[in-house]
Amino acid sequence: MLAVDVRQSLRNGQTVAEGAARWWRFSTQTIGKHGDFLLAFVDGGVCVGAFRIVGSEPDLTAGGKYAFDLAPASRFQWALGRRLPLPPGRNPARILTGRHLREFLDAAPYGTSATDND
């Protein structure tokens, strides 16, 4: 699962979805392995958007940045307004794996299906 900091996009007047879809620096391997869902966050790691990645477009001339075609991810709407268990660091583009991903998935309210496709 990918996570991106959309603070600057919101300051520039973009919507959460626009900010989350813009060019983000991830490797091709990261997109292939973790690029099913994308969470958008702001100050303090608070989730403001949850999306399913429908498609991605690389721009190899821009240092391996990707733009995403996103759709709302209903299975993760419960996370909106909650603090995400982000890995440490200041990078605005993050990857939720291992302990951080498990902590996020374990926080889902009872009755939320972890197997929904969206």
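**Entry 1: V4**

I started at V4, and setting aside neighbours within four places in sequence, I found V4 in contact (heavy atoms within 4.5 Å) with A20, W24, F26, L38, L39, A40, F41, P92 and A93. Before going on, I noted that this is a predicted model, where local features need pLDDT of at least 70, side-chain atom pairs count only at pLDDT 80 or more, and totals for chains, interfaces and linings use all residues. Residues are numbered from 1 along each chain as its sequence is written, and side-chain values use heavy atoms, with hydrogens and water left out.

**Entry 2: the cores**

Next I looked up the nonpolar cores, each a set of buried Ala, Val, Leu, Ile, Met, Phe, Trp, Tyr and Cys residues joined through side-chain atoms within 4.5 Å. For burial I used relative accessible area: buried is under 20%, exposed is over 50%, and partly exposed is in between, with a 1.4 Å probe and protein chains only. The largest core has 18 residues, and V4, A20, F26, L38, F68 and L70 touch the most other members. Which elements give two or more residues to this core? They are β1 (2–5), α2 (16–21), β3 (37–42), β4 (46–59) and β5 (65–72). Apart from this core lies another, of 15 residues, including M1, F37, L39 and F104. As background, nonpolar side chains in soluble globular proteins tend to be buried together.

**Entry 3: the overall layout**

Then I stepped back to the fold. I count four helices and six strands, taken as DSSP runs numbered from the N terminus (helices H or I, at least four residues; strands E, at least two). Along the sequence the pattern reads β-α-α-β-α-β-β-β-β-α. The radius of gyration, taken over C-alpha atoms, is 13 Å, close to the 13 Å from the globule rule for 118 residues, so the protein is as compact as a globular protein of that length. That rule is 2.2 Å times the number of residues to the power 0.38. The C-alpha atoms fill a box of roughly 45 × 30 × 25 Å along the principal axes. Buried residues make up 42% of the 118. I also checked contacts between residues at least 6 apart in sequence, and 64% of them join residues at least 24 apart.

**Entry 4: F76**

Where does F76 sit? I found F76 in the loop between β5 and β6 (93–95). With 4% relative accessibility, F76 counts as buried. Leaving out residues up to four places away in sequence, F76 touches M1, F37, L39, A50, F104 and L105. I then took the C-alpha distance from F76 to D5, which is 17 Å across 71 residues of sequence.

**Entry 5: V42**

Is V42 buried or exposed? V42 comes out at 19% relative accessibility and so counts as buried. V42 belongs to strand β3. Beyond four places in sequence, V42 is in contact with D5, V6, R7, L10 and V48. G32 is ten residues from V42 in sequence, yet their C-alpha atoms are 25 Å apart.

**Entry 6: P109**

My last stop was P109, in the segment after α4 (98–106). P109 is partly exposed, at 31% relative accessibility. What does P109 touch, not counting residues up to four places away in sequence? I got W78 and R82.
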